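Here are my notes for you, written the way I'd jot them down for a colleague. Keep the structure open and look up each residue as it comes up.

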Amino acid sequence: MTLEEFETTLYKLENVMYGHNYEVIFGIDIFENCSDIEEFKIR
């Protein structure tokens with residue numbers, strides 16, 4: 001799945017879950033060059 005396809009899927013999911021008294025927002029962050037968990041935590 002490409003990033004664009006993933007973002008489109010999240011947008012569609014937000015629309016399906018939209019309610020009268022609330023709004024749902026999903027997002028993603030891409031972390032590159034993280035070889036271990038410690039490096040991931042720093043970024």
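The points below go from the overall picture to single residues.

1. First, some ground rules. This is a predicted model, where local features need pLDDT of at least 70 and side-chain atom pairs count only at pLDDT 80 or more, while totals for chains, interfaces and linings use all residues. Residues are numbered from 1 along each chain as its sequence is written, and side-chain values use heavy atoms, with hydrogens and water left out.

2. The overall picture. The protein has 2 helices and 0 strands; these are DSSP runs, numbered from the N terminus (helices: H or I, at least four residues; strands: E, at least two). Along the principal axes, the C-alpha atoms fill a box of roughly 40 × 25 × 10 Å. Of the 43 residues, 9% are buried (buried is under 20% relative accessible area, exposed is over 50%, and partly exposed is in between, with a 1.4 Å probe and protein chains only).

3. The surface. The accessible surface comes to about 4,200 Å², and 53% of that belongs to carbon and sulfur atoms. Areas here come from the Shrake-Rupley method with a 1.4 Å probe, and for residues only the protein chains shown count as cover. Have a look at M1, L3, F6, I28 and I30, which make a nonpolar surface patch of about 500 Å². To join a patch, residues need over 30% relative accessible area and no salt bridge; nonpolar side chains (Val, Leu, Ile, Met, Phe, Trp, Tyr) are joined within 5 Å, like charges within 9 Å. One member, I28, sits in the loop between α1 (3–17) and α2 (37–42), and I28 is partly exposed at 33% relative accessible area.

4. The salt bridge. How many salt bridges does the count come to? The count is 1, using the rule of a Lys or Arg side-chain nitrogen within 4 Å of an Asp or Glu carboxyl oxygen. E38 and K41 form it, with their closest N and O atoms 3.8 Å apart. Both lie in helix α2, 3 residues apart, which is about one turn of the helix. E38 is partly exposed at 46%, whereas K41 is exposed at 58%.

5. The aromatic pair. Searching the whole structure turns up 1 aromatic pair. The ring centres of F31 and F40 are 4.8 Å apart and the planes are at 70°, so the pair is edge-to-face. For reference, Phe, Tyr and Trp rings (Trp by its six-membered ring) pair if their centres lie within 6.5 Å; planes under 30 degrees apart are stacked, over 60 edge-to-face and the rest tilted. F31 is partly exposed at 36%, and F40 is partly exposed at 38%.

6. Most residues other than glycine have a negative phi. N33 has a positive one, near 60°. You'll find N33 in the loop between α1 and α2, and at 64% relative accessibility N33 counts as exposed.

7. A buried charge. Which side chain of opposite charge is nearest to E14? It is K12, 13 Å away, and E14 is buried yet has no salt bridge (Lys and Arg count as positive, Asp and Glu as negative; His and the chain ends are not counted). E14 lies in helix α1. Leaving aside neighbours within four places in sequence, E14 is in contact (heavy atoms within 4.5 Å) with V24, I25 and F26.
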